[in-house]
Amino acid sequence: MFAEDPKRFQRFSIEDCGLFLDYSKNRVTDETMALLMNLARARDVEGWRARMFNGEKINTTEDRAVLHVALRNRANTPIEVDGQDVMPDVNRVLERMGSFAESVRSGHWTGTTGKRIKDIVNIGIGGSDLGPKMVCKAMQAHIPAHLRLHFVSNVDGAHIAQVLNGVDWETTLFIVCSKTFTTQETMLNAHAARKWFMDHCGDEAGIPKHFVATTTNVKKAAEFGIPAENLFEFWDWVGGRYSLWSAVGLSIMLAIGSGGFAQLLSGAHEMDKHFRTEPLERNMPVILGMLGIWYNNFYGVHTHAILPYSQELRLFPDYLQQGDMESNGKSADRNGRAVDYDTGPVIWGKAGTDCQHSFLELLHQGTQFIPADFIASARPSYPEPAQHPVLMANYIAQTEALMTGRQESEVRAELKAKGLAEDAVDALTPHKIHPGNRPTNTILFDRLTPKTLGALVALYEHKIFVQGICWNLNSYDQWGVELGKTLAGAVLKDLQSDTPGEAHDASTNGLIARLRKTL
């Protein structure tokens, strides 16, 4: 296709919101793209997009609006839910977050002994952990040297213990992120942190200087010892995996300041405008979404790799795993009918160049057909003159190698040029053939800043939305997660009971009996 069309790169690339997207290395033609856009229109992507931005309750199984876009609505235009503009509340919470963050960062807010806060421990799980953690790791170059950010999510006691072993109680601030203040993993870790603090401080009056919360459950937080003035609110129209823009992002604001957080919101808002106003044919989230539909439903591809050539973005694949797989990993459509087509793919990945020395062999020569997104920053955040060009060379070369491959004639010519005998050439040739025609998207931006990162995250949020609409899914509930929680409660009861029942299958009952001997 490239040989036949010298302008293919120009036609199949687009730039906006500080991001450049090259999708020319995909198995598509002009006709393919036109038909995919027809499909998007037939599935009413534009209509559903309007419903989301207008605050309609498109999360039908929970009867909720889906308005993470309101959290970064820098234009401050009214956005209504049930006839009420949500923007005054959004702005009020942002202002409170900003005042608090700057107080901590400046040293005005101190611990109970008067010492400056040096360590911030965010306690959450899922969206209350993955988003803030990803952003803080990505923005490490923007975090002042005197602040260290830590994230605790796993209910395994080793996680909280390892973090607590490395911090000083006098200079540590805990953020408990739980909408209901009842999330099992989060609250177990929060109580472990509280006990650790009390073992050192010995005075409950110190808790308000070291614990804050993002929640709507004022009563539960008060019982924990966190006063109302230490609570930062968010709303039921903020989905967990879309919540880093809300009070859940308090750790981000503490890390990069209120100005940096505003830039993060601004980048996302620019992508929101792009998604809402650009025609489908020049709309980055729509293009990425429909290319995913193309491979998932027409090629039968079941996985998609996210490969950031950026150590700072090393957690981006983990973040997108939840965002994509929890959203579109569904087998029932909006009307409750079982689907008879493939929905969300498995999302996975790793930072380059590490991925080249672990799994990229499979993408190049394996039998699995796996599309991949390559993401990079043209300029480094850390000045290492000799290293960044090497990183960029690998970033570009991998997409070229996946596309061009290496054919038998090329391999034979290369081996013969090295002087190998004919029988050695015959033996080695099959092992050095790369089939090529492996599709990639290449996303490039000038520098990784809060604004750029905001646009990048919003790009993928809207891609997920587009695919969910095409598959006729509710991308904003997670009943599979809820089932696991329910069953875990029943198993826990049997593990701790003096007279456990036999209500489970034989395997589960056997495992419970075995564990009861050691617990």
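Reader: With which residues is glutamine 467 in contact, leaving aside its neighbours within four places in sequence?

Author: The model is predicted: local features need pLDDT of at least 70, side-chain atom pairs count only at pLDDT 80 or more, and totals for chains, interfaces and linings use all residues. Numbering of residues starts from 1 along each chain as its sequence is written, and side-chain values use heavy atoms, with hydrogens and water left out. Taking contact as heavy atoms within 4.5 Å, glutamine 467 has these partners beyond four places in sequence: Leu288, Gly289, Gly292, Ile293, Asp324 and Asn328.

Reader: Is glutamine 467 buried or exposed?

Author: Buried denotes under 20% relative accessible area, exposed over 50%, and partly exposed in between (1.4 Å probe, protein chains only). The relative accessible area of glutamine 467 is 2%, so this residue is buried.

Reader: In which element is glutamine 467 found, and how many residues of that helix are buried?

Author: Helices (DSSP runs of H or I, at least four residues) and strands (runs of E, at least two) are numbered from the N terminus. Glutamine 467 is found in helix 17. This helix is largely enclosed by the rest of the structure, because the buried count among its 21 residues is 20.

Reader: Which residue with a positive phi follows helix 17?

Author: The phi of this residue is near 60 degrees. The residue is asparagine 472.

Reader: What is the relative accessibility of serine 13?

Author: Serine 13 is found in strand 1, residues 13–16. Beyond its neighbours within four places in sequence, serine 13 is in contact with Phe20, Leu21, Asp22, Tyr23 and Arg282. Serine 13 counts as buried because its relative accessibility is 8%.

Reader: What is the radius of gyration of the chain?

Author: The chain holds 19 helices and 13 strands. The globule rule, 2.2 Å times the number of residues to the power 0.38, is compared with a radius taken over C-alpha atoms. For 519 residues the rule gives 24 Å, and the chain is as compact as a globular protein of that length, because its radius of gyration is close to this, at 25 Å.

Reader: What share of the contacts with a separation of 6 or more joins residues 24 or more positions apart?

Author: Of the 519 residues of the chain, 51% count as buried. Among contacts with a separation of 6 or more, residues 24 or more positions apart account for 73%.
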